[in-house]
Amino acid sequence: MDPIRNPYAPGAGQRPPELAGRDEQLAAFDVVLERVARGRPERSLVLTGLRGVGKTVLLNALRSAAVRKGWGTGKLEARPDQSLRRPLSSALHQAVRELGHPEPAEADHVLGVIRSFAQREAGADAKLRDRWSPGIDAPVVRGRADSGDVEIDLVELLTDVGGLAADVGKGVAVFIDEMQDLGADDVSALCAACHELSQNGLPVIVVGAGLPHLPAVLSASKSYSERLFSYQRIDRLSRDAADRALVAPAAEEEAAFTPEALAAMYDATRGYPYFIQAYGRSVWDLAPRTPITAEDVAVAGPEAETELAVGFFGSRYERATPAERDYLRAMADAAVAAAEDGVEDPVGSVATADVATVLGKKPQSLSPARDSLLKKGLIYSGERGRIAFTVPHFGRYLRAQA
């Protein structure tokens with residue numbers, strides 16, 4: 001079939017042609033936007049899930065929904081080695097510009113506070129402060145959001161932004177991807193600020209996305225975070241949604257799948273959105289004609305798996321050191337052993353003690369490799385003493401490599 005007309009688009013955070021299976025989250029967010037705009041109390045939102053399930057895509061879709069409502073929005077991606085101040089300042093700068101406040105003096109005051117918040121990280125270095133102005137021309141507002149205590153500063157900053165939004169009858173939404181990578185102080189400050197905003201009824205919400213252990217990260221920072229956010233687990237698609245993700249884009253190009261082909265696609269992808277797009281692209285390119293059959297899926301399977309092995313699994317595997325790769329392979333073996341013993345965990349986690357047993361070492365000696373893999377985002381710990389891959393089917397890939 002014509003590769004130029006191929007509708008499938010595997011990519012990091014790239015929106016698929018059919019955003020299937022996320023109608024519930026989109027509808028719920030529309031309710032949040034309306035309630036906040038009307039001064040009703042509402043919680044900020046946290047999306048969690050493995051890599052490849054479409055968290056970033058959904059985060060962008062939610063942002064688009066806020067933009068359509070006339071909200072001011074900004075987005076940032078958290079990084080383990082970066083403070084929250086500069087990226088959040090840039091995101092809020094964009095949000096304030098989108099609000100379009102009719103009084104320039106009021107908007108400039110808030111922009112000055114944002115600039116003050118950003119530059120406080122530079123400390124006493126005047127030259128560095130001048131460079132850290134996040135493109136804001138408004139003069140710095142001294143004595144506001146510049147104490148040096150990020151919790152105090154963030155509360156003041158978001159309070160001022162919320163007041164500006166309330167003046168024009170709109171809201172502000174800040175979208176944070178990879179939220180689990182925020183530093184401990186920044187997480188604590190963000191929770192405190194959201195708590196303050198909720199108590200004061202200001203129209204500002206935070207929408208975060210991260211790995212499955214993100215709720216534990218937030219809870220460890222502030223005990224009330226369990227009540228502060230609405231948590232939504234983003235998982236693989238149901239069979240119906242997975243079929244729609246394939247069928248709808250194909251129909252736009254006057255193509256179709258046989259029922260047997262759809263069943264074969266679901267068996268191969270297990271409903272994970274990234275896998276669906278990768279298989280869809282390979283199957284389309286190799287199928288001779290429409291409708292696409294189960295035989296076409298079987299022929300294209302090796303090419304799709306090769307692409308996943310290189311671009312999705314391999315790129316992550318290459319980031320690991322030899323010792324860390326041994327640990328990853330031992331995790332895969334421990335998971336197989338647990339399944340054979342009938343004690344397979346539903347989320348695919350394994351006990352760290354079992355990993356040590358596979359490697360024939362003491363658990364304490366493996367702590368450096370485990371901690372490094374946690375920092376690199378290749379594994380996560382949802383509960384004490386257990387770990388799991390952040391990427392679906394990673395264990396299968398490792399066993400195939402072996």
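The exercises below cover a sheet, a helix pair and a cavity in a predicted model.

Residues are numbered from 1 along each chain as its sequence is written. In this predicted model, local features need pLDDT of at least 70 and side-chain atom pairs count only at pLDDT 80 or more, while totals for chains, interfaces and linings use all residues; side-chain values use heavy atoms, with hydrogens and water left out.

**Exercise 1. Give the strand order of the open sheet and name its edge strands.**

Step 1. Helices (H or I, at least four residues) and strands (E, at least two) are DSSP runs, numbered from the N terminus. Two strands pair if DSSP finds at least two bridges between them.

Step 2. The open sheet has five strands in the order E2-E3-E4-E1-E5, and the pairing is parallel.

Step 3. Strand E2 (72-77) and strand E5 (229-233) are the edges, as each pairs on one side only. On average, neighbouring strands are turned by 15° against each other, direction ignored.

Step 4. Within the sheet, E1 (residues 44-48) and E4 (residues 204-210) are joined by four bridges in the parallel sense. Leu45 has Val207 in E4 as its bridge partner.

Step 5. Helix H8 (residues 214-221) packs on the sheet and touches E1, E4 and E5. The direction of H8 makes about 135° with that of E1. Axes are lines fitted to C-alpha atoms, for helices over the stretch in contact, and angles run from 0 to 180 degrees between N-to-C directions.

**Exercise 2. Describe how H14 and H16 cross, and name the residues that meet.**

Step 1. The axes of H14 (residues 322-340) and H16 (residues 367-375) come within 9 Å and cross at roughly 85°.

Step 2. Angles of 65 to 115 degrees count as roughly perpendicular, and H14 and H16 are therefore roughly perpendicular to each other.

Step 3. With contact meaning heavy atoms within 4.5 Å, Ala323, Glu324, Tyr327 and Leu328 of H14 meet Ala369, Arg370, Ser372 and Leu373 of H16.

Step 4. These contact residues divide into five nonpolar, one polar and two charged.

**Exercise 3. State the volume of the largest cavity and describe its lining.**

Step 1. On a 1 Å grid over the protein atoms alone, a cavity is a set of points where a 1.4 Å probe fits but cannot get out; lining residues have an atom within 4 Å of a point.

Step 2. One cavity of 30 Å³ or more is counted, and the largest cavity holds about 160 Å³.

Step 3. Its lining has 16 residues, of which Glu42, Leu197, Ser198, Leu202 and Val204 are the closest to the centre.

Step 4. H7 gives the largest share of the lining, three residues. By class, the lining has nine nonpolar, four polar and three charged residues.

Terms used:
Angles under 35 degrees count as roughly parallel, over 145 as roughly antiparallel, 65 to 115 as roughly perpendicular and the rest as oblique. Ala, Val, Leu, Ile, Met, Phe, Trp, Tyr, Cys and Pro count as nonpolar, Asp, Glu, Lys and Arg as charged, and the others, Gly among them, as polar. On a 1 Å grid over the protein atoms alone, a cavity is a set of points where a 1.4 Å probe fits but cannot get out, and a pocket is an open set with protein on both sides within 12 Å along at least five of seven lines; lining residues have an atom within 4 Å of a point. Grid points are joined across faces, edges and corners, and a volume is the space filled by probe spheres set on the points.
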